[in-house]
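Trainee: Could we go through this one together? I'd like to start with a strand pairing and then move on to the chain contacts.

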4 protein chains.
Amino acid sequence: MLNFESDYLEGAHEKILRRLIETNMEKLPGYCTDKYCESAKVKIRELCRCPEADIYFLAGGTQTNRTVIDASLRPYEGVIAAPTGHISTHEAGAIEDTGHKVLEIESNDGKIEAVSLIKYLKDFHDDVNHEHMVYPGMVYISHPTEYGTLYSKDELRRLSSVCAEYSIPLYLDGARLGYGLMSEGTDVALPDIAEYCDVFYIGGTKVGALCGEAVVFTKENTPRHFYTIIKQNGALMAKGRLVGIQFDALFSDGLYFAISRNAIEMANILKNILREKGFRFYNDSPTNQIFIVLENEKMKRLQADIGFSFWEKAGEDHTVVRLATSWATSIDDIRALADLLR
Amino acid sequence: MLNFESDYLEGAHEKILRRLIETNMEKLPGYCTDKYCESAKVKIRELCRCPEADIYFLAGGTQTNRTVIDASLRPYEGVIAAPTGHISTHEAGAIEDTGHKVLEIESNDGKIEAVSLIKYLKDFHDDVNHEHMVYPGMVYISHPTEYGTLYSKDELRRLSSVCAEYSIPLYLDGARLGYGLMSEGTDVALPDIAEYCDVFYIGGTKVGALCGEAVVFTKENTPRHFYTIIKQNGALMAKGRLVGIQFDALFSDGLYFAISRNAIEMANILKNILREKGFRFYNDSPTNQIFIVLENEKMKRLQADIGFSFWEKAGEDHTVVRLATSWATSIDDIRALADLLR
Amino acid sequence: MLNFESDYLEGAHEKILRRLIETNMEKLPGYCTDKYCESAKVKIRELCRCPEADIYFLAGGTQTNRTVIDASLRPYEGVIAAPTGHISTHEAGAIEDTGHKVLEIESNDGKIEAVSLIKYLKDFHDDVNHEHMVYPGMVYISHPTEYGTLYSKDELRRLSSVCAEYSIPLYLDGARLGYGLMSEGTDVALPDIAEYCDVFYIGGTKVGALCGEAVVFTKENTPRHFYTIIKQNGALMAKGRLVGIQFDALFSDGLYFAISRNAIEMANILKNILREKGFRFYNDSPTNQIFIVLENEKMKRLQADIGFSFWEKAGEDHTVVRLATSWATSIDDIRALADLLR
Amino acid sequence: MLNFESDYLEGAHEKILRRLIETNMEKLPGYCTDKYCESAKVKIRELCRCPEADIYFLAGGTQTNRTVIDASLRPYEGVIAAPTGHISTHEAGAIEDTGHKVLEIESNDGKIEAVSLIKYLKDFHDDVNHEHMVYPGMVYISHPTEYGTLYSKDELRRLSSVCAEYSIPLYLDGARLGYGLMSEGTDVALPDIAEYCDVFYIGGTKVGALCGEAVVFTKENTPRHFYTIIKQNGALMAKGRLVGIQFDALFSDGLYFAISRNAIEMANILKNILREKGFRFYNDSPTNQIFIVLENEKMKRLQADIGFSFWEKAGEDHTVVRLATSWATSIDDIRALADLLR
């Protein structure tokens with residue numbers, strides 16, 4: 001059996017494990033106040049070229065989204081997102097559980113366009129009944145999106161400018177940020193994200209860590225007592241070192257970028273193989289998630305040997321499935337997969 | 001100025017006021033435990049032909065929706081509704097404030113079809129990731145809808161049967177129920193609603209009362225301690241008599257039906273006038289809300305003399321507006337309006 | 001049977017009813033935007049000597065408390081209250097339902113003292129673990145309290161000054177404010193309340209109205225989009241006129257004060273009678289609520305003829321009960337009661 | 001500097017780390033569906049002698065408490081706890097954030113007695129106003145408590161029996177359960193806890209793991225779709241292996257019990273030293289947390305060399321501090337501490 005279901009199939013990159021072992025018996029204070037959390041923050045600030053960045057470490061994506069969004073919104077506000085956004089569909093209603101509506105707007109291949117955003121915001125404020133409606137209070141995007149796609153620098157700049165015009169923060173879910181930054185065609189680097197977003201998170205869980213996401217507030221805009229809000233959401237780790245040490249390792253010697261690049265390289269090779277073998281792509285994803293459309297019979301046959309993720313139905317006879325590479329995928333894995341893909 | 005903005009422009013029907021005056025100095029227990037609440041419940045049970053109906057009185061529509069829906073759902077559940085449903089758009093996120101997602105499904109002219117509902121529910125349970133998603137736990141419909149349209153008995157029966165198949169309750173928002181029941185073409189009577197819905201409410205505020213909605217649980221299915229949940233939602237009136245007496249009056253001698261019929265008769269005359277004068281209807285509403293499409297210049301001209309509600313844009317140059325008749329609309333009002341409609 | 005259970009046994013004062021009748025057929029806009037709401041606001045601002053007061057009308061006490069408190073607090077904050085405070089005990093957890101903790105502090109006869117408040121706040125901020133605790137974000141007091149007692153001007157001033165020092169608003173629940181203002185010994189008038197409190201409400205339901213409470217923000221401190229938050233809490237009345245007209249009547253020609261004074265006068269006569277007859281007072285309440293301690297056997301005997309409220313047990317053999325007078329209590333009621341009290 | 005602040009100063013026990021390394025490159029499914037989670041569940045069921053136990057793994061204590069409690073309560077219910085309970089004070093209002101009140105009852109040294117519980121429950125149901133109050137829907141205890149104390153088997157049995165009588169579940173927070181089970185005087189073993197509690201959790205974070213708590217439902221009473229509720233609370237780990245492998249290691253070859261015993265042995269030696277040196281104990285804690293009362297001047301002197309936790313003020317001149325041993329404390333640590341304690 002070959003496993004390409006996701007980018008979180010293995011444990012952690014060995015350099016991360018090594019650091020956990022080396023530091024294991026050091027006595028450190030809890031709740032993310034240890035020196036490794038501090039060191040990781042310094043490195044992230046530098047890589048973002050954002051000396052004023054305020055950084056927090058949480059354990060997972062859904063808890064990060066609910067904590068950041070709940071802390072940022074006032075009771076009468078909701079968060080704008082694509083209908084395919086992770087918070088819209090696959091977080092079991094975590095945002096609504098905090099009392100806020102997810103305001104879905106038109107999207108394309110996982111992405112929101114500035115022009116749709118302007119229309120939504122303008123229509124809202126023009127509506128004579130808007131005081132009886134949920135105020136848009138934040139914009140949520142993911143990069144890469146749930147469909148593996150990426151924003152260009154120009155697209156981010158435009159979204160950012162619309163948000164600024166309406167005084168609502170732009171929040172970027174970077175669960176797979178590394179894979180986005182290392183994608184071949186992208187012109188978006190970490191400092192761009194820090195520049196255009198008001199808050200974002202750098203995903204660890206899906207990029208080589210055992211767990212952990214780093215939330216970055218970039219505009220001296222951290223919600224008051226955000227630390228206590230993290231605690232209230234059950235997202236403050238007693239052994240904060242677990243995330244601090246991992247992020248410190250990920251951002252030492254370019255590890256985060258190197259292992260992300262591996263996933264992209266493997267994905268690119270795999271895409272070529274799929275193309276040559278005549279597989280039909282669902283979309284043009286430039287990152288480590290590859291979506292292909294399989295005839296259902298063929299899907300069943302392949303399932304016997306290959307692990308992939310069911311994504312969505314494509315009519316009665318076809319299904320969209322996802323193959324994901326990761327920091328841990330080797331060229332041998334790809335070759336073995338190639339042999340099975342027929 | 002002629003006012004046709006809504007069906008809640010006046011106070012209460014005079015028979016209601018009279019009963020409030022007659023009973024004013026009686027000393028009655030609070031919190032809806034008085035004899036008028038009891039008497040109103042008896043009458044409603046009889047009219048619903050549902051002797052086991054369990055009935056509660058609240059003050060307004062949004063508080064009724066949030067209280068009923070929150071009480072009925074478990075934390076992992078959301079409520080299915082049309083995107084145009086009142087809870088989806090015009091209740092300021094009251095449902096999400098209780099922690100639950102509104103799950104929007106395809107609708108037409110304000111109505112949900114059984115076939116769309118089946119598809120949604122089947123797709124949900126077929127989705128391999130559905131444990132990471134919000135479970136559909138209730139279906140919300142309004143009757144009349146926000147677009148004045150009505151379900152037929154057959155449509156209600158089919159929705160009810162889908163809900164039963166998936167063991168989720170069907171909830172009907174009857175803010176304007178009287179106008180629906182008295183509509184000319186309808187084959188839906190109160191006992192049908194009690195039969196097909198697990199819970200519904202009979203609107204008072206928009207049908208001649210100063211305030212008040214009567215929630216009816218029809219299947220011995222009242223959520224445990226619903227009374228306390230009403231209190232927690234701030235919806236339990238200290239002077240419950242205010243709603244009890246009003247509903248007792250509304251359901252004495254057919255008052256509720258008679259005054260609803262007046263609104264329908266006036267609306268029908270008005271529709272004929274509008275048709276004769278060549279106005280363009282937005283849809284075919286059989287109830288007291290009439291939606292017409294006006295060229296923007298004309299709309300501005302008419303606004304000088306006529307009060308109506310802005311509903312939505314219809315392209316750049318046109319607007320959908322609503323004219324509503326009510327229990328209080330007289331034939332003179334309609335004639336005066338006819339003179340101004342040119 | 002003589003009823004002294006509460007101050008909300010009857011409907012409304014006849015002058016209020018009369019105004020409802022007189023204005024009944026006027027066509028007015030909904031949602032508290034009508035001219036009677038405006039007129040009532042003007043009168044309240046004047047009586048408070050607070051021209052900048054921002055005023056909202058809601059239907060009942062619990063919904064007012066939950067809406068004001070939820071709108072005022074940030075997610076990491078709770079509200080300080082006496083353990084006997086209405087929000088602490090008798091609102092079915094409405095405050096917690098909005099996500100906020102009620103932080104109980106020491107109290108005496110329903111009242112919080114400035115010295116206890118200082119201690120609580122100082123201890124909180126001194127606690128090295130306070131970032132893991134709920135931040136005090138508001139102080140809730142009731143006036144009269146749930147035990148009928150009153151703050152003096154000096155006590156209010158001191159509470160206000162502590163709140164100002166810690167930058168947290170002081171909120172006064174005035175469900176029975178009229179009875180407090182008209183109490184014989186008080187030195188607290190409406191302008192004092194407006195001066196010392198950041199927000200308070202003037203109760204209508206228990207002082208002669210059918211329903212309605214007037215929330216007053218006194219320091220240009222209304223939470224942003226409070227109107228939408230009212231809607232979200234299900235507390236925005238479609239027929240806002242119902243509360244607007246009632247408050248306009250209550251604050252015309254001193255009606256609110258006159259009818260409150262009646263309750264106080266009747267209570268004072270009743271207290272003298274009770275004293276003469278040797279009843280034991282639970283406390284020294286200067287307002288319309290009278291608390292007496294009855295031996296259980298005697299309580300049962302009296303219950304046959306007199307309606308009163310059970311308050312709390314006082315050991316195994318005694319019970320504290322409450323007798324309440326109101327705007328509607330007549331001297332004949334008191335005399336009839338006196339005959340039965342033996 | 002010697003560190004005795006807490007029992008979570010180091011990383012993980014080396015056997016846990018070793019298993020993480022050995023399994024690191026295995027490709028495992030996510031979200032706690034891997035074989036190590038399964039294996040750990042089998043072991044826990046056996047040790048609890050509870051074959052029907054339903055087990056879930058979460059990352060930390062506060063998220064476990066909020067998720068279990070929210071899933072177990074209906075909207076009108078709150079959870080009974082000691083005022084010193086972790087959920088009452090040091091979880092930043094996480095329970096209230098889920099909409100439920102923490103109902104504090106009398107406690108002693110961190111413990112609730114059955115007699116207080118009966119009184120509370122009886123008084124609640126006897127109160128004629130209880131429909132306006134928060135229903136007690138669960139009892140929360142911690143074992144060891146926040147003051148290091150333990151329930152006896154008999155005490156647990158009595159609490160359990162009161163809970164059964166009132167049909168409310170008994171929930172035990174076992175953040176430090178190992179230390180309780182290995183305490184010298186205790187007669188409570190894991191199967192007793194499984195027998196007397198409806199749900200409890202076995203703490204990993206404070207007993208040798210990097211993170212992780214194992215929730216055990218013992219009576220075929222798991223709330224419906226609890227898995228989805230975990231996800232909604234942001235507490236479902238994508239790499240569930242991280243907790244599964246750790247618990248599998250903790251419950252292999254008695255590791256959990258062995259390392260807990262070490263903490264107890266070290267604590268006992270330390271207590272003897274403290275006693276000999278004349279330190280004043282705040283209470284008689286039989287577990288790994290030792291509470292002593294220090295004169296403030298002395299506290300400041302000791303702080304220069306020894307890390308301990310500030311617990312609470314004891315009057316103006318004294319402070320209660322906590323020293324904690326753990327799975328990682330060595331006899332050398334204790335000796336070094338003894339030298340500094342003078």
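Trainee: Which residue in β10(B) does Arg280(B) stand opposite?

Mentor: Arg280(B) stands opposite Val293(B) in β10(B). Before we go on, this is a predicted model, in which local features need pLDDT of at least 70 and side-chain atom pairs count only at pLDDT 80 or more, while totals for chains, interfaces and linings use all residues. Residues are numbered from 1 along each chain as its sequence is written, and chains are lettered from A and ligands numbered from 1 in the order in which they are written.

Trainee: How many bridges join β9(B) and β10(B)?

Mentor: Two bridges, in the antiparallel sense, join β9(B) to strand β10 of chain B, which covers residues 289-295. Strands here are DSSP runs of E with at least two residues, helices are runs of H or I with at least four residues, and both are numbered from the N terminus. Two strands pair if DSSP finds at least two bridges between them.

Trainee: And what's the strand order in that sheet?

Mentor: The open sheet of chain B has four strands in the order β9-β10-β13-β12, with antiparallel pairing. Its edge strands are β9 (280-281) and β12 (309-314) of chain B, each of which pairs on one side only.

Trainee: Which helices lie across β10 and β13 of chain B?

Mentor: Helix α12 of chain B (residues 255-276) lies across β10 and β13 (318-324), running at about 20 degrees to β10(B). Helix α13 of chain B (residues 296-303) lies across β10 and β13 as well, but at about 120 degrees to β10(B). The axes are lines fitted to C-alpha atoms, for helices over the stretch in contact, and the angles run from 0 to 180 degrees between N-to-C directions.

Trainee: Switching to chain C, what is the bridge partner of Ala314(C) in β13(C)?

Mentor: That partner is His318(C), and β12(C) pairs with strand β13 of chain C (residues 318-324) over five bridges in the antiparallel sense.

Trainee: At what angle do α6 and α7 of chain C pack?

Mentor: Helix α6 (residues 114-126) and helix α7 (residues 153-165) of chain C pack at about 15 degrees, with their axes 9 Å apart. Angles under 35 degrees count as roughly parallel, and α6(C) and α7(C) are therefore roughly parallel to each other.

Trainee: Which residues make that contact?

Mentor: From α6(C) they are Ala114(C), Leu117(C), Ile118(C) and Leu121(C), and from α7(C) they are Arg158(C), Leu159(C) and Val162(C). Two residues are in contact if their C-beta atoms, placed from the backbone, lie within 7 Å. By class, the contact of α6(C) with α7(C) has six nonpolar, no polar and one charged residue, where Ala, Val, Leu, Ile, Met, Phe, Trp, Tyr, Cys and Pro count as nonpolar, Asp, Glu, Lys and Arg as charged, and the others, Gly among them, as polar.

Trainee: Now the chain contacts: how many residues of chain A are in contact with chain D?

Mentor: There are 40 residues of chain A in contact with 40 residues of chain D. Elements of chain A that each supply at least two residues to that side include α1 (14-22), α3 (61-72) and α11 (241-250), and the side divides into 17 nonpolar, 15 polar and eight charged residues.

Trainee: How many residues does the contact take from chain B and from chain D?

Mentor: That contact takes 16 residues from chain B and 16 residues from chain D. On the side of chain B that touches chain D, α10(B) gives the most, with five residues, and the classes there are six nonpolar, five polar and five charged.

Technical notes:
Angles under 35 degrees count as roughly parallel, over 145 as roughly antiparallel, 65 to 115 as roughly perpendicular and the rest as oblique.
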